[in-house]
Amino acid sequence: MVVATRTGRVLLMQRRDDPGFWQSVTGSLRWDEHSPMDAAARELREETGLSADGLADLHWVQRFPILPVWRSRYAPEVQENVEHAFALWLPAERSVTLNPDEHLAFGWFGFGQALTKASSWSNRRVIERLATGPTTEG
């Protein structure tokens with residue numbers, strides 16, 4: 001999920017377990033969850049403290065093989081990650097409350113800089129798609 005402002009800034013967070021890795025809000029469905037939207041709202045609250053009011057489902061799914069480094073997080077038979085894209089547009093930058101177990105720092109970056117800084121190709125694709133989104137609305 002990409003959190004962006006209508007003034008053209010994107011929220012990225014630095015991972016604790018890999019300080020060179022910057023990303024938007026990410027996460028997985030829990031075993032008891034069935035809705036990607038509900039999981040996205042939960043992850044948003046857990047990782048940033050932000051409310052999911054206005055969270056938009058982009059109706060865009062990306063599929064890719066799970067990298068070996070992340071395999072232990074999934075059931076043995078799960079070979080592919082199915083990523084649903086969401087966006088939250090805010091009027092302006094705001095402070096977030098990071099989950100200290102997951103992230104070290106956050107920053108608000110212009111779309112161009114966010115595209116360069118985001119570590120995941122799938123994250124960059126969503127940021128790129130949103131770059132043409134609302135940037136001047138109130």
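Modeller: Let me begin with accessibility: a residue is called buried when its relative accessible area is under 20%, exposed when it is over 50%, and partly exposed in between, with a 1.4 Å probe and protein chains only. What you see is a predicted model, in which local features need pLDDT of at least 70 and side-chain atom pairs count only at pLDDT 80 or more, whereas totals for chains, interfaces and linings use all residues. Residues are numbered from 1 along each chain as its sequence is written, and side-chain values use heavy atoms, with hydrogens and water left out.

Colleague: Why is V2 called buried?

Modeller: The relative accessible area of V2 is 1%, and the label applies under 20%, so V2 counts as buried. V2 belongs to strand β1, residues 2-5, where strands (E, at least two residues) and helices (H or I, at least four) are DSSP runs numbered from the N terminus.

Colleague: What makes up the surroundings of V2?

Modeller: Leaving aside neighbours within four places in sequence, V2 is in contact (heavy atoms within 4.5 Å) with V10, S24, F86, A87, L88, N123, V126, I127 and L130. For V126, the C-alpha atoms of the two residues are separated by 7.2 Å, although V2 and V126 are 124 residues apart along the chain.

Colleague: How do you know that H103 is buried?

Modeller: H103, which is found in strand β6, residues 103-110, has a relative accessible area of 2%, and therefore it is buried. Residues up to four places away in sequence not being counted, H103 touches M13, Q14, R15, R16, Q23, E47 and L98.

Colleague: What makes the pairing of H103 and Q23 a polar contact?

Modeller: Their side chains are joined at 3.4 Å, and the term covers a pair of N or O atoms within 3.5 Å, of which, within protein, one must be able to donate a hydrogen and the other to accept it, while residues adjacent in sequence count only if both atoms are side-chain atoms. The side chains of E33 and R42 are likewise joined by a polar contact, here of 2.8 Å. E33 sits in the loop between β3 (22-23) and α1, and a polar atom of its side chain also lies 2.8 Å from the backbone nitrogen of R30. At 15% relative accessibility, E33 counts as buried.

Colleague: Why is the pair of F64 and W121 called edge-to-face?

Modeller: Rings of Phe, Tyr and Trp (its six-membered ring) pair if their centres lie within 6.5 Å, and planes under 30 degrees apart count as stacked, over 60 as edge-to-face and the rest as tilted. The structure holds 3 aromatic pairs. The rings of F64 and W121 have their centres 5.4 Å apart and their planes at 75 degrees, so this pair is edge-to-face. It links distant parts of the chain, with F64 in strand β4 and W121 in helix α3, 57 residues apart. F64 counts as buried at 15% relative accessibility, whereas W121, at 40%, counts as partly exposed.

Colleague: And what makes the pair of W89 and F111 tilted?

Modeller: W89 and F111 form a pair with 6.4 Å from centre to centre and 40 degrees between the planes, which is tilted. W89 lies in strand β5 and F111 in helix α2 (residues 111-117), so the pair ties together parts that are 22 residues apart in sequence. W89 is buried, with 17% relative accessible area, and F111 is buried as well, with 10%.

Colleague: Why is H59 called exposed?

Modeller: H59 has 68% relative accessibility and therefore counts as exposed. H59 lies in strand β4, and its phi is near 50 degrees, a positive value in a residue other than glycine. D101, found in the loop between β5 and β6, is exposed with a relative accessible area of 68%.

Colleague: Which residues are the closest to the centre of the largest pocket?

Modeller: About 1600 Å³ of space lies in that pocket. Of the 48 residues that line the largest pocket, T26, G27, S28, Y74 and N81 are the closest to its centre. A pocket here is an open set of points on a 1 Å grid over the protein atoms alone where a 1.4 Å probe fits, with protein on both sides within 12 Å along at least five of seven lines, and lining residues have an atom within 4 Å of a point. The volume is the space filled by probe spheres set on the points, which are joined across faces, edges and corners.
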